[in-house]
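This report goes through selected features of one structure. Please keep the sequence and the 3D view at hand while reading.

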Amino acid sequence: KKQYPGISILTDSDSFQDVVVKIERPTYHKPFLGGFKNRITGVEFHNAGSQTIPKKQPDKGIQLFCRETQTAFEKNKTQQTKNTTSTQMAKIGLYVSNMTDKLINPGKYLTAEEYHKRRLEAVIVLQTYFRRWHAINVVQNLREKKRLRLSWEAQEEVRRKKEKDEKLRREQERRLNPKTKEDFELLYHALELWRQEETERINTTLTGAERKAAFCGLLEKEAQLIAAIGRHKLNADEENQQKAILHFLDKCAQPKRWKAYDGKITEMDTQYTLHARELFEIYRSISMNNIPKDERIDVLLTLRRTVKEHECKLVQEIVELIDREVDLMSREVKECNLEGLRKRICTLFLQYIKTPKFNPGVARILKVPPDPLKLYKNVNFCHSCENYLPATEFPLPANCCTIGRCRLCCKLDNEARRRDAFLTYRLILENLRKSEADYQDDAEIVYLVQLQDLQYLIENIWGCRSALSACSDLCDLVMVRWDKHCEWSPWNTILLSRDEADAHLKLCNLQKAYEAAFIQRIKHKHIQAKTYFAQIPVMTSVLHRSDNQANAN
């Protein structure tokens, strides 16, 4: 059995009673409830506490916090306190002056209704003046906005006029001094337009023998113009070839560049770049015309010393030609008779520069010839010129099933028959691909569409006109997304002018911005484009994917 201690309690004066005391050891730490300490003995005395085990609150699974504060709630209340005052009146022995007193007459009694009516009238007057002030401000703001708008429209009109004049000037310059393939395309296109106008004029004004004679004269003029364009083309090809050579040599002589961590560009010249730069300067000097005789001889001697560092058949030919030109110049031979010899020297020296053995810096610029075995599998036959050419030399529209003529044959056929100018379509396609790249949503259809496909889309489906303003200037038209949240495709596009395209891309809800008839007309053009491009095998999978995406949306 468990024994419990007992204590004796005095009940009466002489008797004691034993009482059993049950002691329970606490299973928890008793909190400190205060007390005191004896400084002499060091004994601590704590205040009494019950041994009752505190009741535990059931765990609700939620952490609860409780904190009591001693915040006092205060109120502010106004009170009227008493203030005792007194007045002094005249009496016997006291005189009070009444000089400053005023006589007050009672006015008309004002009722509550009259009082509120006066206040309402005063409020109406105040509102009238405020509304007048507010209206003046609104009108001034509208005038300022109108002034800014008119100023902006005037500036835009001036800008458009300048751009149009600049465009006409550039086009005139390109026709007078053609240099690129696009310039000659414009020339042949202008020639075809002139021929069609003359043909129509002759058919409408002349008949019989006069008509035949006029056609013969027209054919002769056309032949003369084609010959003149051909001469310009030869001169431009020669000039472009010389520019390409100088650009190639300048690229070889460029120092090595790399970007540091702080964004600065570091350049370093090596012995190969320095040598390439020296050869570039020599080539530019010997290719110059109309220089004094003494300077020409110095350049030739410098060239001879440079190439004599190596021994080969090419160097021997260059040295022989240099000696021959120096000998002929010493005999006072005319410069016009030395042009062929000088061209041979430039050609051989260019071949010397392009040899990596003599110019190691050119090795990183030259194109590596492809493997003949791989090239054999990627060669196609052109039935027009009957040459075997790489696949890159054949234009392939998206709807083609077989390989046709090469690029050169297509170009010659266009110059001889149709004489179309593809520059505007090429610019529209470049702008479209550039704008699609800015979206950064992995668009791929725009890169599958070729120049001929875009031309068909613009001419046959959109009619070479803006869908909104019917503007027919192809140089001012661009193709953008109809729904900017979906990838561009021939069935998700619209042809607009530049200003209209900027405004269209800012729209959030097309259904609210455009009328139902206009949206229906655009949808009809999208169905036409989808019908045409669905015949292309490459577009089939893309078309199904876009349909699934539209259904999901």
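## Basis

The model is predicted, and residue numbers start from 1 along each chain.

## Helix α3

Helix α3 runs over residues 208–252 and has 45 residues. From its first C-alpha to its last it reaches 65 Å, close to the 66 Å expected at 1.5 Å a residue.

The buried residues of α3 include Ala214, Leu218, Glu222, Ile229, Lys233 and Ala236. Further along, Ile245, Phe248, Leu249 and Cys252 are buried too. An α-helix has 3.6 residues a turn, so residues three or four places apart point the same way. The cover over the buried residues of α3 includes four other helices: α2 (181–205), α4 (271–286), α7 (339–353) and α9 (407–418).

## Helix α12

Helix α12 spans residues 451–461. Its buried residues are Leu451, Asp453, Leu454, Gln455, Leu457, Ile458 and Ile461. Among the elements that cover them are the helices α10 (423–439), α11 (445–448) and α15 (516–533). The strands β9 (477–481) and β10 (493–497) also take part in this cover.

Just after α12 comes Gly463, which takes a positive phi of about 70 degrees.

## Aromatic pairs

The count of aromatic pairs comes to 11. One of them joins Phe36 and Phe45, with 5.0 Å centre to centre and 25 degrees between the planes. The pair is stacked, because planes under 30 degrees apart count as such. Phe36 is exposed, with a relative accessible area of 56%, and Phe45 is partly exposed at 38%.

The rings of Tyr514 and Phe518 have centres 4.9 Å apart and planes at 40 degrees, so this pair is tilted. Tyr514 has a relative accessible area of 13% and Phe518 one of 9%. Both count as buried because these values fall under 20%.

Tyr283, Phe349, Tyr352 and Phe358 form one aromatic cluster.

## Charges over rings

Which ring lies under the charged end of Lys354? It is the ring of Phe248, and the charged end sits 5.4 Å from its centre. Phe248 is also listed among the buried residues of α3.

A second case involves Arg481 and Tyr439. The charged end of Arg481 sits over the ring of Tyr439, 3.8 Å from its centre. The ranges of β9 (477–481) and α10 (423–439), both part of the cover over the buried residues of α12, include these two positions.

Definitions and conventions:
This is a predicted model: local features need pLDDT of at least 70, side-chain atom pairs count only at pLDDT 80 or more; totals for chains, interfaces and linings use all residues. Side-chain values use heavy atoms; hydrogens and water are left out. Buried means under 20% relative accessible area, exposed over 50%, partly exposed in between (1.4 Å probe, protein chains only). Contact means heavy atoms within 4.5 Å. Rings of Phe, Tyr and Trp (its six-membered ring) pair if their centres lie within 6.5 Å; planes under 30 degrees apart count as stacked, over 60 as edge-to-face and the rest as tilted. A charge sits over a ring if NZ of Lys or CZ of Arg is within 6 Å of the ring centre and within 35 degrees of the ring normal. The expected span of a helix is 1.5 Å times one less than its number of residues.
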